[in-house]
Amino acid sequence: MNPARPLVLLVEDDADTAALYKAMLSAEEWEVVCCQNAQAARHWWFHSDKSPQLLILDVRLPDSNGVDLCQELIGAFKNGSGPAVLMLSAHGDPRMPKLCRKAGARAFLDKLRDLDRLVDTAKQLIQEQASLVGSQT
Amino acid sequence: MLNWSFLKTAAVLVALTVLPLVVVSFLETWFAPPWTSFTHWSSGIAVFIFTVFFALLAAWLWHRRLNRQVDKLIEHCHALALGEQDGLDQWPDALTDLGRLGVAIQVLREALVDYLSLYRRFFEAAPDMFLSLSPAGGRILDANQVFCQTVGLLRSEVLGQAVEDFVVLDQGWDTAVSGQGGLQKGTVSTSQGVLQVEASISLERGPEGQPWVLGAILRDVTQRETLHRELLSKSTALEKALEERKDVEELKDQFLTTLSHELKTPLVSLKGFLQLIISGRMKPGDQENYLQTCWRNLSKLETQINNLLDLARLAHAKDQYDMTAVELSLLVRTEADNLRALASEQNVSLDLAQVAPSPVIIKGNSEKLIQLVDNLLLNAVKYNKEGGQVEVSLQRSGAQVELKVTDSGHGIAREHMAQIFNKFYRADMSGTGRLEGLGIGLSLVQEIVQLHKGDISVESEPGVGTCFTVLLEASH
């Protein structure tokens, strides 16, 4: 296994959407872990020995919401030392990008935007994260 | 009773009569002796005694005459005080000596009568009920016409009666008069019914500080109270409507969010996978899989849109559906068969043993009836437990057809039961805390039942299962 291969944690309840994103991200040679709800994501987060470079969270989850989950998972990290978070939503609620950024997300995208935009944003966030961690160490 | 004061009058008379006589006798004796003549002295004494006697008699008669006139005057004043009509109309004409005094009293009487009549007229003309009460507050001393008319009795029947027999105060007369008086609420019973009154009680303090009741003014506030109650109930209804309106607004907001999610989610997959296919960025052999996903999401989208349109159409255009004879037994079996694949995927068994083998015909719209059965069966399978069962029963009983769909799922919590047929209301039916769909499935079922003039009911026990019963009119 390539040790430099970035790890992405994807939390998305719709199986087809998750499969789509996984197909797109896997094509970039990234390792993708999919969780269908907040509980599964928490479980993986606290029990896995791996640290993802990027979290892609759906805002609307069956057992919680992505904003709360984002705060819960990366709230403990200081000065952006945690993984980057990209939040996705199909709500169309104009307040959502601001709410997500406030919760610690670095970027917010509408799910119906171009798929390439998603991949580009994810790439950019992983690079930023890598340089940030590099400069801190 | 004998009045001895006439003696004073007699003494004055005697003095006035005897004194000149004594002076004359003295002068006569001084200038014409012999002044010691017995005859002279005896005649003088006799004249004196005679004069004294007549003076006494005259004084006594004069006093008796005056006493008689004074008695008549007192008697007349008593009559005036008691308000007897005779006393008011006739003046004693035998007051010859006390005539001027009588005139003075007459003038005083007329002034008093005028003065009292002002209050009497005010008392009688008042639109409110006026009661004059005994100081202890128990008895009616006087009542005006309005009060007598209201209770439907004559004044003589009311006077002297206990006020409690006519007027009931909310806090009771004892409490009302022991306090500060003032405004009290109460009721007056009349032949027309019970009147709501507002009682203004006038009190003053007795010598030992105890309350003395003077009277009460009662105002009929029945109309005002009725209006007040009506206003209150209308304002409560308005508040309730406002709350409901807020709930509806909240539900609408929720619905818009849900609608956006439910319509956009299949669209995201559809658009995304199509983009992958079009751009050729896929592994060999993935295309068919991607197309199947696209098709599934397209169907999901179609169902959601159709359900929404159906619901709108069913709510506003029930008369535009063709109603023909539909055989339900076959319809139920066919729909159940269509669902077998999904049911076995979820390890749920479908039991149709209670579906009547013979045709059950009703008059209805076959397309909508398929939707009805499909929705009920799909819910029963979807929200069932792993390894659960769905029992379907279709029986004709008399003029009605009864369709029952019973599942062994998680059941519906009591707090959701009243609202599950409401449009856009989404309850947790899967027992996972997850709210699925647009919240229109059961509203659609209810609209279809109403289209067929039927009835639908639900029984559910959390952890045991749910049973939907649909009653439809059988066709002969």
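A crossing of two helices is called left-handed if the near helix is turned anticlockwise from the far one by less than a right angle, and right-handed if clockwise. The structure is a predicted model, in which local features need pLDDT of at least 70, side-chain atom pairs count only at pLDDT 80 or more, and totals for chains, interfaces and linings use all residues. Residues are numbered from 1 along each chain as its sequence is written, and chains are lettered from A and ligands numbered from 1 in the order in which they are written.

In chain B, the crossing of α9(B) and α13(B) is left-handed. Helices (H or I, at least four residues) and strands (E, at least two) are DSSP runs, numbered from the N terminus. Helix α13(B) covers residues 441–451, and packs with α9(B) at an angle of about 35°, the axes being 10 Å apart. Axes are lines fitted to C-alpha atoms, for helices over the stretch in contact, and angles run from 0 to 180 degrees between N-to-C directions. From α9(B), the contact involves Asn307(B), Asp310(B), Leu311(B), Leu314(B) and Ala315(B), and from α13(B), Ser443(B), Leu444(B), Glu447(B), Ile448(B) and Leu451(B); two residues are in contact if their C-beta atoms, placed from the backbone, lie within 7 Å. Six of these residues are nonpolar, two polar and two charged, where Ala, Val, Leu, Ile, Met, Phe, Trp, Tyr, Cys and Pro count as nonpolar, Asp, Glu, Lys and Arg as charged, and the others, Gly among them, as polar.

Chain B also holds an open sheet of five strands with mixed pairing, in the order β8-β10-β11-β13-β12; strands pair if DSSP finds at least two bridges between them. Strands β8(B) (349–355) and β12(B) (455–461) each have a single partner strand, so one side of each edge strand is left without a neighbour in the sheet. Neighbouring strands are turned by 15° against each other on average, direction ignored. Seven bridges join β12(B) to β13(B) (residues 465–473) in the antiparallel sense, and Cys467(B) of β13(B) is opposite Glu459(B). Across β10(B), β11(B) and β13(B) lies helix α11(B) (residues 366–382), at about 20° to β11(B).

Chain A contains an open sheet of five strands with parallel pairing, ordered β2-β1-β3-β4-β5. The edges are formed by β2(A) (31–35) and β5(A) (107–110), each with a single partner strand, so one side of each has no neighbour in the sheet. The twist averages 20° from one strand to the next. Four bridges pair β4(A) (residues 84–89) with β5(A) in the parallel sense, and Leu109(A) in β5(A) is the bridge partner of Leu88(A). Helix α3(A) (residues 66–74) packs on the sheet, touching β1(A), β3(A) and β4(A), and its direction makes about 155° with that of β3(A).

The largest nonpolar core has 46 residues, and Leu54(A), Ile56(A) and Cys70(A) are among those with the most contacts inside it. Such a core is a set of buried Ala, Val, Leu, Ile, Met, Phe, Trp, Tyr and Cys residues joined through C-beta atoms within 7 Å. A residue is buried if 20 or more other C-beta atoms lie within 10 Å of its own. Helix α1(A) (residues 15–26) gives the most to this core, with six residues. A second, separate core of 37 residues includes Ala343(B) and Val405(B).

Between the chains, the contact takes 16 residues from chain A and 19 residues from chain B. On the side of chain B, α8(B) gives the most, with 13 residues.

Note on methods. Buried ≥ 20, exposed ≤ 12 C-beta atoms within 10 Å, placed from the backbone.
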